[in-house]
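Hi there,

Here is the structure I promised to send over. Have a look at it first, and then read on for what turned up.

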Amino acid sequence: MNKSVQKYLSENIAIISKILLVYTLGVIIGIVLFIFTDIKGEYIDIVRNILEQTKQENFESINVIANGLKNNLFFIGLIYSSIITIISPLIICAIMIIKAIVTGIYLCTIFSIFGILKGIGAVAVNVILPLILSLIGYVIICTNAINLFSDINSGNKITLKDVIKQLYWLVISFSLISFSLVIEQLTSSLVISMFSNI
């Protein structure tokens, strides 16, 4: 493992653990909401309609990557903008919980549409692989934002070295998130093919 990555993990393990715990909690909330509320039918209909449309149209015309980049830039902007507030860590946790709830609902929706066996395949290629990369990216971004918030509120001087370090990790994080979108689009054809055979 790269020394800079090892150093980053050792310095931020407490924050990273809390962010992952918050995300896990959000996924569980999403699953519970799907099972015990009326949103189940709505989400199944939405995802099923999207899959039906992709069968009828040229899937390449649906620019998943461009829309995904816009959405992620919006969330990243929100995370860093929260630094100017006094409740930045709470806002960051709320953003991660919202993203995790959507993930939990989406997982349940996929299984409801595809069944258990095909659902495992669809989730493995189209959810888990992109999610791992995206989640790593967001954990880094949230960790850095919380550290920046702590430095500002502690009165610590933000040096040029700190700014460069923030930009370095931001570029890595955004690259991971972008690559996760590429994987999601590439694997979507497999999911569509599986849906066509249902």
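Helix α1 passes helix α4 in a right-handed crossing, where right-handed means that the near helix is turned clockwise from the far one by less than a right angle, and left-handed means anticlockwise. Helices here are DSSP runs of H or I with at least four residues, strands are runs of E with at least two, and both are numbered from the N terminus. Two packed helices are described by the angle between their axes and the distance between the axes. For α1 (residues 3–36) and α4 (residues 88–153), the angle is about 140° and the axes lie 9 Å apart. The axes are lines fitted to C-alpha atoms over the stretch in contact, with angles from 0 to 180 degrees between N-to-C directions. That makes α1 oblique to α4 (under 35 degrees is roughly parallel, over 145 roughly antiparallel, 65 to 115 roughly perpendicular, and the rest oblique). In the contact of α1 with α4 there are 26 nonpolar residues, 10 polar and one charged. Nonpolar covers Ala, Val, Leu, Ile, Met, Phe, Trp, Tyr, Cys and Pro, charged covers Asp, Glu, Lys and Arg, and the others, Gly among them, are polar.

Before going further, please note that this is a predicted model: local features need pLDDT of at least 70, side-chain atom pairs count only at pLDDT 80 or more, and totals for chains, interfaces and linings use all residues. Residues are numbered from 1 along each chain as its sequence is written, and side-chain values use heavy atoms, with hydrogens and water left out.

As for the whole chain, it has five helices and zero strands, and its C-alpha trace spans about 60 × 35 × 30 Å along the principal axes. Of the 198 residues, 38% are buried (buried is under 20% relative accessible area, exposed over 50%, partly exposed in between, with a 1.4 Å probe and protein chains only).

L133 lies in helix α4 and counts as buried because its relative accessibility is 16%. L133 and S175 are 42 residues apart in sequence, and their C-alpha atoms are 9.2 Å apart in space. I13, in helix α1, is partly exposed at a relative accessible area of 49%. Between the C-alpha atoms of I13 and K161, 148 residues apart along the chain, the separation is 22 Å.

Happy to chat about any of this.

Best wishes
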